[in-house]
Each structure stands twice: as structure tokens, then as C-alpha cells.
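Hi,

Here is the structure I promised to pass on.

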Amino acid sequence: MGISVREGPIAEVVVDVPPVNALPVRAWQELAEAVRAAGDDPATRVVVLRAEGRGFNAGVDIKEMRETEGFTALVGANRACYAAFAAVYECAVPVIAAVHGHCLGGGIGLAGNADIVVAAEEAYFGLPEVDRGALGAATHLARLVPRHLVRAMVYTCRNVTAAELHAFGSVLEVVPRDKLRDTAMQVAEQIAAKDPYVIRRAKESLNGIDPVDVHRSYRFEQGFTFELNLMGIGDEHRERFR
């Protein structure tokens, strides 16, 4: 359990934090370190990011936040999520997110910053942050859905399906759950067959022409989460969620 890595030209980073892959601070840090290390390895040509268990990612561990006095867990989660999302975005090689089940909160940060997303038929995506007394990852949601839908999803906490994202073009393939890993690996093999120097420069160039600075944008969002917690609203909604 935890974060595991299978090295090779196609590096696999696998998240397995039962019961729902809601990650504590340390796991977010380990995920960031694993993705960065994989991309820094000259032998790596592409990274596949996937998960075991009931879903891809359920965001931060609310229980850890509730049980930690003061704002230590909040600051830790914000910094660690920032690091994990940045590691995916800045990874020197393309990152393919293979999403099944739920992709919520921090999961949106990972999938939204990935280069390619493939998803299982039952996968769904959403930001329940407003119902948790927090904000964040709209930066990354905006890379998956149109702008007005971003606003509707943030305000109402509604989810969207893998099929909807496929229609938008932000999910490359939608397949049965038992075909998800194979599909991700097939896409990875196509990339791994290319000249690795060219692919690394392609990743760098595509990041360079992005119209939104995802790091600054996400950090701006995080400031409002701090405000909500200072006002006591974060604790109120986390207690209600429990």
C-alpha cells in the first residue's frame, strides 16, 4: 500500500491508499517525489499514473485534517498537493493518467495536469470543495471541461462522466475497467517508440505555450481555502462531512 513505482521506459506510478485513495500529507509528498524521480531518470520515456482500489483519487484525507490541531495539516496538504500537481505538470516526459472510479478534488489536480487521460467507463470527475468548506483545483478542472461548466461544477459540486469528458476531447479513450491499464500502456508504447529527446522537448515546448500559469493560478485558489479556514467555515463543513 502507498505509492509504488515500476521503473523502465514506461514508468508506472501506482497509488494504493485504502479505502478510497484519499491521501494524507505524506502520501501526497511521496507521489510528488515518485513522479519527479521517474521523469528525471534518463531511461524513462513516459509515465503512467494510475491507482488501485475503488477509485483513482478522492483528494486530501479529511480525517487527518480534522484530527490535527491548528493549521498544520491544512498547510501541509496545500503544499504537498501543490508539489504533486506540479510534479505531474513539470515531469520531463509525458504523463498518462489512467482514471477509474472517482476522480475528485486532488484527483482533478492530477488528471488535469496530466498530458493524456484515459478512463474507465464508470469513472466520474468532480470538485466537492464547496461542500467541504474549501476551494482549489478549478485551475486543473478548466483543463478538462469548458469554462462555464467549470463554474457550474464548482458552484453545484456536480460531477461529470468519463463519456462527457471524451466528448470534450479531454479524455482520449473510455474503456471497460478491466481494459484500462492495457489501454494506458498501449498509448504509452506509442509515445515510448518516438525519439526520446524529441518527446522531452515536445513536453517542454507544450508547457511553454500554455495560456495559464497553472502554478500561480492554483496558488491563488489556495489562498481562499486559508481564508475559509481562518473564518471557521472549513472546520464546520469538515465536521458536517464526517
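Which residues do ring pairs link into a cluster? They are Trp-28, Tyr-82, Phe-85 and Tyr-218. Keep in mind that this is a predicted model. The count for the model comes to 4 aromatic pairs, and here are two of them in detail.

Trp-28 and Phe-85 are both buried.

Another is the pair of Tyr-82 and Tyr-218, and this one is stacked: the centres are 6.2 Å apart and the planes make an angle of 15°. Since Tyr-82 sits in helix H3 and Tyr-218 in helix H10 (residues 214-230), the pair joins parts that are 136 residues apart in sequence.

Are these two tyrosines buried or exposed? Tyr-82 is partly exposed, at 28% relative accessible area. Tyr-218 has 7% relative accessibility, so it counts as buried.

Then there are the charges. Arg-219 has its charged end over the ring of Tyr-82, 6.0 Å from the ring centre. So Tyr-82 has a stacked ring partner in Tyr-218 as well as a charge over its ring. The charged end of Arg-201 sits over the ring of Tyr-197, at 4.8 Å from the centre.

Cheers

Technical notes
Residues are numbered from 1 along each chain as its sequence is written. This is a predicted model: local features need pLDDT of at least 70, side-chain atom pairs count only at pLDDT 80 or more; totals for chains, interfaces and linings use all residues. Side-chain values use heavy atoms; hydrogens and water are left out. Rings of Phe, Tyr and Trp (its six-membered ring) pair if their centres lie within 6.5 Å; planes under 30 degrees apart count as stacked, over 60 as edge-to-face and the rest as tilted. Buried means under 20% relative accessible area, exposed over 50%, partly exposed in between (1.4 Å probe, protein chains only). Helices (H or I, at least four residues) and strands (E, at least two) are DSSP runs, numbered from the N terminus. A charge sits over a ring if NZ of Lys or CZ of Arg is within 6 Å of the ring centre and within 35 degrees of the ring normal.
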